[in-house]
Amino acid sequence: MSQQVDAQQSPLVASRAFSGFSVDDIPRAREFYAQTLGLEVTESNGMLTLELPGGTRVLIYPKGAAHEPASFTVLNFPVPDVAAAVDALAARGITFERYAAMAEGFDERGIFLGEGPLIAWFTDPAGNTLAVLESP
């Protein structure tokens, strides 16, 4: 049974929540996200903030040698045309992942054509998984 929380009692309702993930090298991450992906990146206190379209912010923090890439997709970028996005990112040096468990579902570019929206996964320099997925 779910319990409704009174918005006036919760300090979180008015908060601008954000997500975050770790990397092993902040300068490499900054270069990748700003230069390769072309995103707006700010740096403060040794951490990065991605300023994503639509006002979303994502914190990227250092873990150095203790970093382990996330075992899930940390960022999804909805795009109107996955093939065009894949081509543009490949031209910037991005290599797309092909997962063995779904090997027959990928086209020659690395776009997964199976269930759900068209999607293509790639990783940042720290091994975290990102994706572009087709969304109208």
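**Close-up 1. Helix α1 and its buried face.** In this predicted model, the buried residues of α1 are Ile26, Ala29, Phe32, Tyr33 and Thr36. Look down the axis of α1 and these buried residues fall within an arc of 155 degrees, so they line one face of the helix. Turned away from that buried side, another face of α1 carries Pro27, Glu31 and Gln35, which are exposed.

**Close-up 2. Phe21 and Tyr33, a tilted pair.** The structure holds 8 aromatic pairs, and this view picks out the one formed by Phe21 and Tyr33. Their rings are 6.3 Å apart, centre to centre, with 55 degrees between the planes, and the pair is tilted. Phe21 belongs to strand β1 (residues 19–23) and Tyr33 to helix α1 (residues 26–36), so the pair ties together parts that are 12 residues apart in sequence. Phe21 counts as buried, at 6% relative accessibility. Tyr33 counts as buried too, at 0%.

**Close-up 3. Tyr99 and Trp121, an edge-to-face pair.** Here the ring centres of Tyr99 and Trp121 are 5.5 Å apart and the planes stand at 70 degrees, so the pair is edge-to-face. Tyr99 comes from the loop between α2 (82–91) and β6 (119–123), while Trp121 lies in strand β6, so the pair ties together parts that are 22 residues apart in sequence. With a relative accessible area of 29%, Tyr99 is partly exposed, whereas Trp121 is buried at 13%. Widen the view and you pick up Phe106 and Phe112, which form one aromatic cluster with Tyr99 and Trp121.

**Close-up 4. The largest pocket and its lining.** About 200 Å³ of space lies in the largest pocket. Its lining is made up of Thr36, Leu37, Leu39, Phe77, Val79, Ala85, Ala88, Leu89, Arg92, Phe122 and Val132. The elements that give two or more residues to this lining are β5 (73–79) and α2. Of the contributors, α2 gives the most, with 3 residues. Sort the lining by residue class and you get 9 nonpolar, 1 polar and 1 charged. Thr36 turns up in this view as a lining residue, and back in the helix view as one of the buried residues of α1.

**Close-up 5. Gly64 across from Ile26.** Gly64 is found in the loop between β4 (57–62) and β5. At 29% relative accessibility, Gly64 counts as partly exposed. Gly64 and Ile26 are 38 residues apart in sequence, yet 8.8 Å apart in space, C-alpha to C-alpha. Ile26 is among the buried residues of α1.

**Close-up 6. Asn45, a positive phi outside glycine.** Asn45 is found in the loop between β2 (40–44) and β3 (47–51). The phi of Asn45 is near 55 degrees, a positive value in a residue other than glycine. Asn45 is also exposed, with a relative accessible area of 72%.

Notes
Residues numbered from 1 in each chain as written. Predicted model: local features only at pLDDT ≥ 70, side-chain atom pairs only at ≥ 80, totals over all residues. Heavy atoms only, no water. Phe/Tyr/Trp six-rings, centres within 6.5 Å; stacked < 30°, edge-to-face > 60°. Helix = DSSP H or I, 4+ residues; strand = E, 2+ residues; numbered from the N terminus. Buried < 20%, exposed > 50% of the residue type's maximum accessible area, 1.4 Å probe, protein only. 1 Å grid on protein atoms, 1.4 Å probe; cavity = no way out; pocket = protein on both sides within 12 Å on 5 of 7 lines; lining within 4 Å. Points joined across faces, edges and corners; volume = space filled by probe spheres on them. Nonpolar A, V, L, I, M, F, W, Y, C, P; charged D, E, K, R; others polar. Arc of directions from axis to C-beta.
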